[in-house]
Amino acid sequence: MDTLIPVDRGGPAQPLLLASGLQKHFPVGGGILGRGRKVVRAVDDLTLSVAKGETLGVVGESGCGKSTVARLLIRLLKPDRGTMVLDGDPVDEPHGITVNELRRNVQMVFQDSYASLNPRLTIGETLAFAPKAHGLPAAQARERVRDLLSKVGLDPNNYAERYPHELSGGQRQRVNIARALALRPRLVILDEAVSALDKSVEAQVLNMLVDLKEELGLTYVFISHDLNVVQYLSDRVLVMYLGKIVELGPVEAIYGDPQHPYTRALLSARPSMDPRKRTKEAPIQGDPPNPIDPPSGCRFRTRCPFAEDVCGRVEPILADTGRQSVACHIQVPGSGHSKAARTGVIAA
Amino acid sequence: MAIQTSSLELGSGTLVQAIPASASRGYWKSVARRLRRDPVTLVCAGTLILIVAAALAAPWLGLADPYKTSMLRRLYPLGSPNHILGTDELGRDMFSRLIYGGRLSLFMGVTPVLCALLIGGFLGITAGFLGGRVNMAIMRVMDVFYAFPSVLLAISLSGAMGAGTENTLLSLTLVFIPPICRVSESVTTQVRGFDFVDAARASGASTLTIVRVHVLGNVLGPILVYATSLISVAIILAAGLSFLGLGVKPPEPEWGLMLNTLRQAIYVNPVLAALPGVMIFITSICFNMMSDGLRAAMDVKA
């Protein structure tokens, strides 16, 4: 079982997980024998790196591909294109590590705390499943289960023999987190892990996540639609729109000085506790366009108040603006957008 | 910020207090508890146990010889001395033949369903869990069998292979594989979509282990309930084949065959002629009601 203990090999500067050019298209209906079939472009050319010990927040509307990213990172879905490197080791390549080795290092917590627990197994059996599948003897697996349960704040004597339906939503999600920790991973992907919980329970679980991260030296990819929670937990934030990254940067930069019109719209749509600050009108209208046939050029242009000619012709690339990276023509000097700087000067 | 309220101070250090420990109950235990409160299912199960036990223990019950004919005592009515349910057209004791008949009839009802459960269940779970092309291949083959009405399929298979117990069993097994396969496939597909299967895959366990631990426990219940309901169909089909002369051969006591041979006596002693049919009816309806009861007892969100 020594192989399950995480080893930092590449040093602190090397990204824990590096994904580049990830693409996932889902074929949808129609088309006889696959001809003329349409695809949902769930994730398109996505490149991201997760540094050791950080929390990377991923935000975006529902349907923008957040969950697909999570499933790609843990290889529950096989990407159509793109490569992944875990601490210097390419994944699923001849000279690299296998998908199974990736999964020992990367684990995931699912949103639906009920559907993600087998109703026929006790909590103890659920938690012992992965270690046993990796060859841990039963006695040690039981020990591991007790350890995991106390780590997530559940009394091992009381919970190991229980069934999922006997637990509350918060308790079930604690069990899910414990299961994700069962293989002692280095990276935990939290896909809307606290979204289904009520506010007070959510806060408890979030604090537990912060404590666990410190205690176990974990790295998180935290996916959520809740901007406040992401701000509270994240070191860096990634904003997605229709399967693409629109903005990526440190949490202070994204929340303090958002550059992309979509990020600004998202942030101003946040409900405020202060009645005077409440927004009167919706900052962006309508629904996101159909990902089967996304707009040409910039995918946000159909809802962007600053859309111009160039946005439909050229797809903006993710460009560094100093503090964060933004995929918007306005931020690229000389892009042809009327709001962009003519040349040379970096737009503020 | 909104979530930095006082509830944050509850922190994660405190252990969440548990609900009383005695409440924990396994799924099958709660199913058994629910079954105990269902009198109809209990009565049906009791009747079935009685019929099966009597059939199994028939040689030791001190019954009259079911093969011993007597030209003098033909078609005695019900309630005759020494022949509580009368005698058949060859003077054989009806009570004894009905009990002995249960052996073959039940055997012919249960065996094909069991065989079909193994084969169809395996195919269906494989198709459902693997999905894609495997699913396509298995399920389209099943659809070909599905195109024939089950009675017609059983009769034509038995007719082609010739009469006899083995051929009847074989043809009935073939008839029941497609429906069991389809039910297994659909419940497996459903279970495969749950996050806990994804979580198991993410843990790096082998496909076989995932199916054994996470899929079987969740699909066996519905498949077994469906198979139970098929037993009554199998009994009726087997009896039908025997009635048509395609199943068991005389003089073996078997309910369908008895119904056939007693046909001529229907004007002389109609109640007597109906007795094997009554046995078929009681047995199959008991199996049906029991499967309904099982379904109700197991159809709960845990």
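Helix α3 of chain A covers residues 123-133, and nine of its eleven residues are buried, so the helix is largely enclosed by the rest of the structure. This is a predicted model. Burial here is a matter of counting: a residue is buried if 20 or more other C-beta atoms lie within 10 Å of its own.

Which residues of α3(A) are buried? They are Ile123(A), Gly124(A), Thr126(A), Leu127(A), Ala128(A), Phe129(A), Ala130(A), Pro131(A) and Lys132(A). What do these buried residues pack against? Within chain A, the partners are α4 (138-151), α5 (156-159) and α6 (169-181). Chain B supplies α7 (195-202) and α8 (207-243). After α3(A) comes Gly135(A), with a positive phi near 95°.

## Chain A as a whole

Chain A contains eleven helices and twelve strands. Its radius of gyration is 22 Å, close to the 20 Å that the globule rule gives for 348 residues, so chain A is as compact as a globular protein of that length. Along the principal axes, its C-alpha atoms fill a box of roughly 70 × 55 × 50 Å.

Of the 348 residues of chain A, 47% count as buried. Now take the contacts in chain A between residues at least 6 apart in sequence. Of these, 64% join residues at least 24 apart.

How many residues of domain 1 of chain A are in contact with domain 2 of chain A? There are 16, and they touch eleven residues of domain 2. On the domain 1 side, β2 (38-50), β3 (55-59) and α8 (227-233) of chain A each supply at least two residues. β2(A) gives the most, with seven residues. By type, this side of domain 1 divides into eight nonpolar, four polar and four charged residues.

## The eight-stranded sheet

Chain A has an open sheet of eight strands with mixed pairing. The strand order is β6-β7-β8-β3-β9-β10-β12-β11. Which strands stand at the edges? They are β6 (106-109) and β11 (319-320) of chain A. Each has a single partner strand, so one side of each is left without a neighbour in the sheet.

Strands of a sheet pair through backbone hydrogen bonds, either parallel or antiparallel. Strands β9 (residues 236-241) and β10 (residues 244-250) of chain A pair in the antiparallel sense, over six bridges. In this pair, Val239(A) stands opposite Glu247(A) of β10(A). Helix α10 (residues 261-268) of chain A lies across β3, β9 and β10 of chain A. The helix runs at about 105° to β9(A).

## Chain B: helices alone

How many helices and strands does chain B have? The count is ten helices and zero strands. From the N terminus on, the elements run α-α-α-α-α-α-α-α-α-α. The radius of gyration of chain B is 26 Å, well over the 19 Å that the globule rule gives for 302 residues, so chain B is more spread out than a compact globule. Its C-alpha trace spans about 100 × 45 × 30 Å along the principal axes.

Of the 302 residues of chain B, 41% count as buried. Among its contacts between residues at least 6 apart in sequence, 70% join residues at least 24 apart.

Most residues other than glycine have a negative phi, and most peptide bonds are trans. Chain A and chain B hold some exceptions.

Asp45(A) is not a glycine, yet its phi is positive, about 45°. This residue sits in strand β2 of chain A. Asp45(A) has 17 C-beta neighbours inside 10 Å, so it counts as partly exposed. Arg75(A) also has a positive phi, about 65°, without being a glycine. Its place is the loop between α1 (66-73) and β4 (81-86) of chain A. With 19 C-beta neighbours inside 10 Å, Arg75(A) counts as partly exposed, because burial needs 20 or more.

In chain B, a cis peptide bond joins Pro250(B) and Pro251(B), with omega about 5°. Pro251(B) lies in the loop between α8 and α9 (255-261) of chain B.

How values were computed. Residues are numbered from 1 along each chain as its sequence is written. Chains are lettered from A and ligands numbered from 1 in the order in which they are written. This is a predicted model: local features need pLDDT of at least 70, side-chain atom pairs count only at pLDDT 80 or more; totals for chains, interfaces and linings use all residues. Helices (H or I, at least four residues) and strands (E, at least two) are DSSP runs, numbered from the N terminus. The radius of gyration is taken over C-alpha atoms; the globule rule is 2.2 Å times the number of residues to the power 0.38. A residue is buried if 20 or more other C-beta atoms lie within 10 Å of its own, exposed if 12 or fewer, and partly exposed in between; C-beta atoms are placed from the backbone. Two residues are in contact if their C-beta atoms, placed from the backbone, lie within 7 Å. Ala, Val, Leu, Ile, Met, Phe, Trp, Tyr, Cys and Pro count as nonpolar, Asp, Glu, Lys and Arg as charged, and the others, Gly among them, as polar. Two strands pair if DSSP finds at least two bridges between them. Axes are lines fitted to C-alpha atoms, for helices over the stretch in contact, and angles run from 0 to 180 degrees between N-to-C directions.
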